[in-house]
Amino acid sequence: MGRMFVHFDLAAAATTFGLIFLAELPDKTMFASLAMGTRMRPPFVWVGATAAFAVHVGIAVAAGSVLGLLPDTAVKLVSAALFAFGAIVLLRGGDPEEEDGADGAGSGRTQAFWPVFGTAFMAVFIGEWGDLTQITTANLAARYDPVSTAVGALLALSSVSALALLVGRFLAKRAPLHVVQRIGGVCMAGLAVWSVVEVF
C-alpha cells in the first residue's frame with residue numbers, strides 16, 4: 001500500500017481535476033443532477049451520481065482509448081430515452097398537498113435511498129458513456145499515473161455534481177416546488193433533445 005502512495009503524482013491529479021472540472025461544468029449530466037435534486041433528496045442523488053462516476057473513471061482508466069470503439073449511437077439514444085422519462089416525471093409533478101407536508105425540506109421529493117440512488121446512478125451511468133470527460137480521463141491516464149488520474153477525475157466529477165445539487169437546493173428554497181420541478185423537467189427534455197442531436 002505504501003508504494004502506491006509513493007508513486008502518487010499530485011501534479012497529475014491536480015491537472016486532471018482542473019481539466020475534468022471545466023469539461024463537466026457545461027455537461028448534460030451536471031444539469032441532470034440539478035434537475036434530479038429538485039425532485040429527490042440531494043444527498044442520495046449525489047451518492048448515486050458519484051458511484052456512477054467512479055465506475056466510469058475506472059473504465060476510462062482501464063480501457064484508455066478503446067472507449068472510442070463503443071457503440072456511440074445506441075448509447076446516446078438510450079440516454080435520450082432516460083432523460084425524456086425524467087422530463088415526464090418532473091413535468092407531471094406532485095400533488096399540491098405534498099408541497100405543504102410537515103417535512104418542509106423533503107416535501108414533494110422521493111425519500112427512500114435505494115430508488116433515488118438507482119435513478120441517479122442509471123441516469124449518470126448511461127449519460128456519461130462516450131462523454132468528453134470520459135475520453136479526456138482515458139487520454140490523461142495514458143499520459144500520467146493511472147491512480148493519480150483516477151483520483152483527480154473522480155474528485156472533479158463529484159464536485160461538479162455537488163455544485164449542481166447545491167444550486168438546485170438554492171432554487172428549491174426560493175421558488176415554489178412545482179415551478180422548480182417544471183424548470184427541471186424542461187432541462188431534462190432539453191437534454192433528451194441534445195442527446196438525439198448528438199447522434200447526428
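Me: What classes of residue does the lining of the largest cavity have?
Reply: The lining of the largest cavity has four nonpolar, four polar and one charged residues, where Ala, Val, Leu, Ile, Met, Phe, Trp, Tyr, Cys and Pro count as nonpolar, Asp, Glu, Lys and Arg as charged, and the others, Gly among them, as polar. This is a predicted model, in which local features need pLDDT of at least 70 and side-chain atom pairs pLDDT 80 or more, while totals for linings use all residues. Residues are numbered from 1 along each chain, and side-chain values use heavy atoms, without hydrogens and water.

Me: Which residues line the largest cavity?
Reply: Among them are F53, H56, V57 and A60, together with E128 and L157; a cavity is a set of points on a 1 Å grid where a 1.4 Å probe fits but cannot get out, and lining residues have an atom within 4 Å of a point.

Me: Why is the pair of F44 and F113 called edge-to-face?
Reply: The structure holds eight aromatic pairs. The ring centres of F44 and F113 lie 5.1 Å apart with their planes at 85°, and because rings pair within 6.5 Å and count as edge-to-face over 60 degrees (stacked under 30, the rest tilted), the name applies.

Me: What makes F44 buried, and W114 exposed?
Reply: F44 has a relative accessible area of 18%, and buried means under 20%, exposed over 50% and partly exposed in between (1.4 Å probe, protein chains only), so F44 is buried. F113, at 27%, is therefore partly exposed, whereas W114, at 63%, is exposed.

Key: Phe/Tyr/Trp six-rings, centres within 6.5 Å; stacked < 30°, edge-to-face > 60°. 1 Å grid on protein atoms, 1.4 Å probe; cavity = no way out; pocket = protein on both sides within 12 Å on 5 of 7 lines; lining within 4 Å.
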